[in-house]
Amino acid sequence: MAGVSGCIKYSMFIFNFLFWLCGILILAVAIWLRVSKDDQQIFSHGDSGTNPYVAVNILIAVGATIMILGFLGCCGAMKESRCMLLLFFIGLLLILLLQVAAGILGATFKSEFEHILNETLHKNVELLSATDDNAKAFQKALTEFQEEFKCCGLVNGAADWGNNFQYHFKSCECRDVPDSSCIIYEEKNIYKQPCISLIKDLAKKHIIIVIGIAFGLAVIEILGLVFSMVLYCQIGNK
């Protein structure tokens with residue numbers, strides 16, 4: 001009977017170690033996207049009932065699962081355990097199928113996501129002129145966003161702030177930008193551009209990062225499926 005190829009065995013171990021490291025990287029990037037202060041408060045408020053971070057939450061779960069599968073694959077390769085390798089193969093195949101399904105759903109509901117995001121941001125305009133604690137948390141987040149991205153207001157510019165403008169105008173004041181990017185509002189020289197388009201661009205950037213990771217991961221997963229099945233068959237033929 002044929003023995004187990006040392007090349008395949010150690011290639012499988014190295015692959016799974018790298019796969020485990022990929023899981024850590026994906027988990028780290030996903031958590032960074034999830035806790036990013038640039039838009040966390042801006043996206044999380046409102047009454048749309050939809051969480052724009054669903055894809056990122058799924059990526060966190062995938063990263064954690066990949067770490068577990070990478071460890072399982074390493075142990076299965078070194079111990080030559082068909083049971084571990086089979087569990088690794090099944091788990092990896094399920095993740096790959098889920099990624100394909102998620103990609104199809106993402107492409108299908110892209111316009112719906114954009115509509116939900118747009119609706120959420122328009123509803124959140126009301127929070128800028130409100131005075132309750134929930135509104136203040138959102139106002140603080142947008143104030144920081146305005147300072148960083150040089151914009152003012154959410155949809156209609158400074159007017160979105162209503163009576164609260166006098167408390168938050170400093171984050172809207174023009175600094176180091178051409179005069180054409182500024183307007184005079186209530187005797188203050190402020191940014192003309194509302195923040196809504198910049199927030200949408202930021203959301204799209206995050207989605208592109210998620211898609212890029214998912215495609216790169218799919219290639220790695222296919223290689224993992226091939227390695228694990230070849231080693232599984234070789235162990236069975238010992």
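Which helix gives the most to the nonpolar patch? The answer is in the first view. This is a predicted model, where local features need pLDDT of at least 70, side-chain atom pairs count only at pLDDT 80 or more, and totals for chains, interfaces and linings use all residues. Residues are numbered from 1 along each chain as its sequence is written, and side-chain values use heavy atoms, without hydrogens and water.

**View 1. A nonpolar surface patch covers about 920 Å².** Helix α1 gives the most, with eight residues. Phe13 lies in α1. The patch also includes Trp20, Phe71 and Met78. Both α1 (6-35) and α3 (54-79) supply at least two residues each. Patch residues have over 30% relative accessible area and no salt bridge, and nonpolar side chains (Val, Leu, Ile, Met, Phe, Trp, Tyr) are joined within 5 Å. Areas come from the Shrake-Rupley method with a 1.4 Å probe. Helices are DSSP runs (H or I, at least four residues), numbered from the N terminus.

**View 2. Helix α6 (residues 133-149) packs against helix α8 (residues 196-236).** Their angle is about 90 degrees, and their axes lie 11 Å apart. The two are therefore roughly perpendicular (65 to 115 degrees). Leu142, Phe145 and Phe149 of α6 meet Leu198, Ile199 and Leu202 of α8 (heavy atoms within 4.5 Å).

**View 3. Glu144 and Lys140 form a salt bridge.** The N to O distance is 2.8 Å. Both residues sit in α6, four residues apart, about one turn of the helix. A salt bridge puts a side-chain nitrogen of Lys or Arg within 4 Å of a carboxyl oxygen of Asp or Glu. The whole structure has two salt bridges.

Technical notes. Axes are lines fitted to C-alpha atoms, for helices over the stretch in contact, and angles run from 0 to 180 degrees between N-to-C directions. Angles under 35 degrees count as roughly parallel, over 145 as roughly antiparallel, 65 to 115 as roughly perpendicular and the rest as oblique. Patches are made of residues with over 30% relative accessible area and no salt bridge: like charges are joined within 9 Å, nonpolar side chains (Val, Leu, Ile, Met, Phe, Trp, Tyr) within 5 Å.
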